[in-house]
Amino acid sequence: MKVRYNKYFASILTGIFLFAGCSAFKPPQYPEVIYNDRKPLISVTYEYGEIDIQASLVYPGLRPDGLMVQVFSRGDTVQPLLFIQQGVTDLIQIYLPQGVFDVEGETNFIKVIPQHPDFVPVWSPFLGVDFGTIILDPIYIVQKPLDVAGVVKNKMTDSTLANVDVAIYELDNLLQETHSDGRGNYNLTILGEYKNSEDLRIIAGTELVFAPFRREIFFGEQKDLTVNIGIGPSQGLAEMGNIYITNKRNVHFRDEPHIGGSTQFLLPKGVPIAVQYVAKGLYFGTIEVTLASGAQTQINGWVTRDDTDLLFFENIFKTDNENDQAL
């Protein structure tokens with residue numbers, strides 16, 4: 001009797017298998033929380049991994065009015081995974097579900113967009129993880145940089161001059177320095193936080209025998225300035241007489257040759273003087289003075305002969321080197 005029962009049960013099981021097929025043995029899929037409707041209450045839930053992105057923000061200068069943060073993945077820089085608009089903060093913390101980032105290369109990005117026209121957006125690439133925490137390098141929120149560019153020329157011949165040092169200062173603090181290239185061009189870039197500074201100036205040619213070129217600059221609402229630099233005496237000054245230059249600092253430039261003459265200027269070292277008359281121990285000549293507007297004017301006066309040297313145009317650099325050039 002027992003044998004017959006086992007055979008009967010096996011036949012029923014075989015029939016169910018053939019009728020239903022393999023799908024009858026697949027595990028069920030539960031898209032939502034499932035309750036057993038019994039006491040004690042038992043439920044089944046799904047749990048996903050989470051990605052926590054953290055990045056500190058650094059503000060070297062001023063702070064914008066607010067921030068917009070966008071997150072991109074897998075090289076897509078058009079459609080963000082999400083974006084957040086928030087106030088200015090020192091830390092960004094974003095939560096995303098697992099599996100959204102490229103974990104093979106740095107093709108994921110955070111873009112921070114400061115809400116102010118003087119600032120520039122910042123892109124920060126990173127390598128993704130399947131889940132867990134991503135801590136990014138600090139992100140610097142800075143204002144748009146300020147640029148000064150121009151050409152360095154020989155004032156007498158109007159030819160360009162290469163390898164002339166050009167720097168921008170705030171008072172006595174050096175902000176940036178460069179040298180003119182083979183075509184006489186130069187470019188200086190400083191932080192946008194200096195846009196309203198009234199103490200900026202360009203100084204060029206400190207490595208030359210002439211007194212350095214100096215010009216005050218102010219950006220205000222501008223982001224780019226053009227300042228062309230003229231080195232040495234102009235052609236008009238050279239035509240007035242032999243060119244001498246002062247050989248020390250604080251040379252008295254007097255209006256009269258006698259002792260009672262008053263000092264018009266104390267000339268720095270390297271100022272060109274077109275000498276027209278010679279008196280006992282004195283030269284009468286003309287100098288060029290740059291006005292605050294950038295225009296130049298000529299002034300006549302007297303200097304002591306021992307305070308000047310005849311200018312030789314073969315080399316305008318103070319020391320011999322492979323970049324020496326004729327004026």
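**Pockets, a cavity and a strand trio**

The largest pocket comes to about 1100 Å³. This is a predicted model, in which local features need pLDDT of at least 70 and side-chain atom pairs count only at pLDDT 80 or more, while totals for chains, interfaces and linings use all residues. Residues are numbered from 1 along each chain as its sequence is written, and side-chain values use heavy atoms, with hydrogens and water left out.

Of the 38 residues lining the largest pocket, those closest to its centre are Ala211, Pro212, Phe213, Pro268 and Val271. (A pocket is an open set of points on a 1 Å grid over the protein atoms alone, with protein on both sides within 12 Å along at least five of seven lines; a cavity is a set where a 1.4 Å probe fits but cannot get out; lining residues have an atom within 4 Å of a point. Volume is the space filled by probe spheres set on the points, which are joined across faces, edges and corners.) Two or more lining residues come from each of β11 (146-154), β16 (213-217), β18 (229-231), β19 (242-246), β21 (263-267) and β23 (282-290). The top contributor is β23, with 4 residues. (Strands are DSSP runs of E, at least two residues, and helices are runs of H or I, at least four, numbered from the N terminus.) Sorted by class, this lining holds 19 nonpolar, 10 polar and 9 charged residues. (Ala, Val, Leu, Ile, Met, Phe, Trp, Tyr, Cys and Pro count as nonpolar, Asp, Glu, Lys and Arg as charged, and the others, Gly among them, as polar.) Domain 2 (146-231) and domain 3 (235-324) each supply at least three residues to the lining of the largest pocket, with bounds taken from an automatic or database domain assignment.

The second largest pocket holds about 150 Å³ of space. Domain 2 and domain 3 both contribute to its lining, so this pocket lies between them. The class tally here is 2 nonpolar, 1 polar and 4 charged.

The largest cavity has a volume of about 60 Å³. Since domain 1 (50-140) and domain 2 (146-231) both give residues to its lining, the largest cavity lies between them. Among the lining residues are Pro60, Phe119, Ile141 and Leu191, and the lining as a whole has 6 nonpolar, 3 polar and 1 charged residues.

Ser234 sits in the loop between β18 and α2 (235-238). With 14% relative accessibility, Ser234 counts as buried (under 20% relative accessible area, with exposed over 50% and partly exposed in between; 1.4 Å probe, protein chains only). The side chains of Ser234 and Glu288 are joined by a polar contact of 2.3 Å (a pair of N or O atoms within 3.5 Å; within protein, one must be able to donate a hydrogen and the other to accept it, and residues adjacent in sequence count only if both atoms are side-chain atoms). A polar atom of the Ser234 side chain also lies 3.2 Å from the backbone nitrogen of Leu237.

Turning to the strands, β12 (residues 165-170) pairs with β13 (residues 173-179) in the antiparallel sense over 6 bridges (pairing needs at least two DSSP bridges). Ile168 has Gln176 of β13 as its bridge partner. The hairpin of β12 and β13 has 2 residues between the strands, and Leu171 takes a positive phi near 55 degrees there. β12 also pairs with β15 (residues 200-204), again antiparallel, over 5 bridges, and Ala167 stands opposite Ile203 in β15.
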